[in-house]
Each structure stands twice: as C-alpha cells, then as structure tokens.
Amino acid sequence: MSDRVRTSLGPLELPNPVMTASGCGGTGRELAQFFDLTRLGAFVTASVMPQARAGRPTPRVTETPSGLLTAMGLPGPGIETFLERDLPWLLERDVRTIVSVAGGSVEEYADLGRRLRNVPGIAGIEVNIACPNVEDRGRVFAWHPAAAASVVRAVRDQVRPGVPVFAKLAPDVTDIVTIALACVDAGADGLTLINTIEGMAIDPQTLRPALAGVSGGLSGPAVRPVAVRCVYQVHAALPTTPIIGVGGIATGLDALEFILAGASAVAVGTAVFHDPSAGLRVLRELEEALAARRIGRLADAVGLAHKPAGYVPPQVRPEEPEKEML
C-alpha cells in the first residue's frame, strides 16, 4: 500500500483512511474469515455498554429503497466480556481498534472510560452519544449541546492521555455544528459524522410498523447526501478538527466525496452486510480515484471542496503537454 493514502486523526496515525462503521463488523471474527483486518485503517467495535444486553425484540431490521432500517437496541456482551474475550482477540492480531462506547447516563459513560483507561493497545475511543438519557426523560444525548458535551467530557476525563476520543453525532438535529462545537470544547479530539437517521416503515401486508420498536435508524446510500452535508458544514466551522465520515459509502468515489467535504477518514457500514470485503474494495477504488485526479496524497484532498474555484493543491500534477514530433 502506498503512502498516498496515509492519514491522521489527531494523535492517531493510520496507514489508510478506511475503517468499519460501529456495529457492522461484528466482533471482528466474522470479517476475519474474508480478509486480514490489519489491512483496514482501523476496526471500530460495536458499541460496548456496562452490562450485557439482548437488544430489542424482532423484527428489528427491514429494507427500504436504497437503505436499511434497524432497531437493534445495542445488543452486546457488556464491558466485562468485551475486555476478557473480544478486545484481546483483536489486539493479539495487531488490529488497530477503536472502541465504541454507549451508556444510559453520564456516569455509565465515565465508568466505561475508566474501565478502558489502563488497557494497552487501544487506538481510540468513539463515543456513541445517540443514546437516551435515562435521567432526563429518555432524551437523546446527541440532540442537546450541553448533554452531548457532558458525556464527551466524562469520557475524556477518564481515558488515558494520548488516546483520541471521537464523538459520534446524530444528524437529525436543528444545528449539527452547534453540537460539534460543544463536543470539541468538551475535549473531543475528533468527530464521527454521521450516526443513522431516525426513520420508520409500515408493512402494507400487516398494516403495522415493520419494526417491533416502531422506528429505527436509517443507513445505506439513501443517507449519503445528508452525511456529506453534515461533514461539509462541520469542517467549514472546525477546519482543524479530524472527521470520520460515515453514511452510505459503497464505492471509492463515495469515500472521495466525504474526503472532499472535509473528512480525514471514512467508515464503511451497511455495504459490509452484502459484501464483507467492501472496505478493501473501497480503499482500492479510492486510491485509483486519487491517482486518476493526479492527487499525490490523501491529505491534499481533505476539504478540497471548500477551496475557491481554480485552486490547485500542491500535490496535483497537471498533465505534460505532448511534444511535437520533429
């Protein structure tokens, strides 16, 4: 792999910008049947919570045009089993691992940060703030600047210095830039944009909601324009804050779109369900797209869409004019 696609997310240096989206790669064992996980920029775990959870009742997945609606309820084994079984499996294989955490209160997030503080080898922490706050009538942390900031601050205070913390934001808010600013002020080293968009489907056969939980999170190609808009707006407001772009990425050109909007890395999610090796294909196509546009380094493409018309980044090499035959 060439240095063309090396990237950095604050203190975290990655050999390439493509990772899995949280919850879409299982424990890592599932994808490892298809390729070497170290070939990804990083592997993002499913969101880990303090206690084991069975998740919501079924049905909790339904397809929609160009998308997928899910209402999983963050099923998982809890932090104890994760630290004893799942995380060691990844770290023993030298997989760059970003641990996603989720909770129902600020104290739960802080406790998760505390539990991870002395675990060596973790590449970063992603804070999934799209969770209901049980102490505030179930209002989602990600919908309110102060609530989002309180969670990020609680995790940042507990996580070991030098381990970057990324806040994963929800798109269905009035002003995502305000939420992003609050999270960065609270200590986030970077941002993940976006989480799923709340949606709903009704089964015309049963005449009832298609999901047992009624509504769910929409992902897949249908959300990509929304995700690109969020990345563009946040990068314009916070140009030095690293962004991981997520939402409907299925090709290298999709990934390039996020990078041009301001993302320094991308995460592939829904595409993995029907193409487990989608991340590696996206990476290969992204490298080809950069080469075809004569962009020497990924870093020179980050936020390029914000530059004035006619701007030529330093690593772009114009084609040499053909020499006339004597």
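## Helix 5 and its packing

The buried residues of helix 5 (residues 176–185) pack against helix 4 (145–158), strand 11 (165–169), strand 12 (190–193) and helix 6. These buried residues are Ile176, Val177, Ile179, Ala180, Ala182 and Cys183. Here, buried means under 20% relative accessible area, exposed means over 50%, and partly exposed is in between (1.4 Å probe, protein chains only). Contact means heavy atoms within 4.5 Å. Helices (H or I, at least four residues) and strands (E, at least two) are DSSP runs, numbered from the N terminus.

This is a predicted model, in which local features need pLDDT of at least 70 and side-chain atom pairs count only at pLDDT 80 or more, while totals for chains, interfaces and linings use all residues. Residues are numbered from 1 along each chain as its sequence is written, and side-chain values use heavy atoms, leaving out hydrogens and water.

Now to the two ends of the helix. At the start of helix 5, a side-chain oxygen of Asp175 comes within 3.1 Å of the backbone nitrogen of Val177. After helix 5 comes Gly187, with a positive phi near 115°.

## The nonpolar cores

In soluble globular proteins, nonpolar side chains tend to be buried together. A nonpolar core is a set of buried Ala, Val, Leu, Ile, Met, Phe, Trp, Tyr and Cys residues joined through side-chain atoms within 4.5 Å. The largest one here has 91 residues, and Ile125, Leu169 and Cys183 touch the most other members. Helix 9 (residues 278–292) gives the largest share of this core, seven residues. A second, separate core of 15 residues includes Cys24, Val44, Ile98 and Ala265.

Which residues does Ile125 contact, leaving aside its neighbours within four places in sequence? Among them are Val99, Leu116, Val155, Pro164 and Phe166.

Ala227 is found in helix 6 (residues 224–237) and counts as buried because its relative accessibility is 0%. Beyond four places in sequence, Ala227 is in contact with Ile194, Val246, Gly247 and Phe258.

A polar atom of the Thr7 side chain lies 2.7 Å from the backbone oxygen of Ser264. Not counting residues up to four places away in sequence, Thr7 touches several residues, including Leu12, Glu13, Pro17 and Leu298.

## Backbone features in the loops

One joins Thr58 and Pro59, with omega about -5°; Pro59 is in the loop between strand 4 (43–44) and strand 5 (61–64). Another runs from Leu193 to Ile194, with omega near 15°, and Ile194 is in the loop between strand 12 and strand 13.

Leu207 has a positive phi near 65°, in a residue other than glycine. Leu207 lies in the loop between strand 14 (202–203) and strand 15 (208–209), and counts as exposed because its relative accessibility is 59%. Val214 has a positive phi near 70° and lies in the loop between strand 15 and strand 16 (215–219).

Notes:
A polar contact is a pair of N or O atoms within 3.5 Å; within protein, one must be able to donate a hydrogen and the other to accept it, and residues adjacent in sequence count only if both atoms are side-chain atoms.
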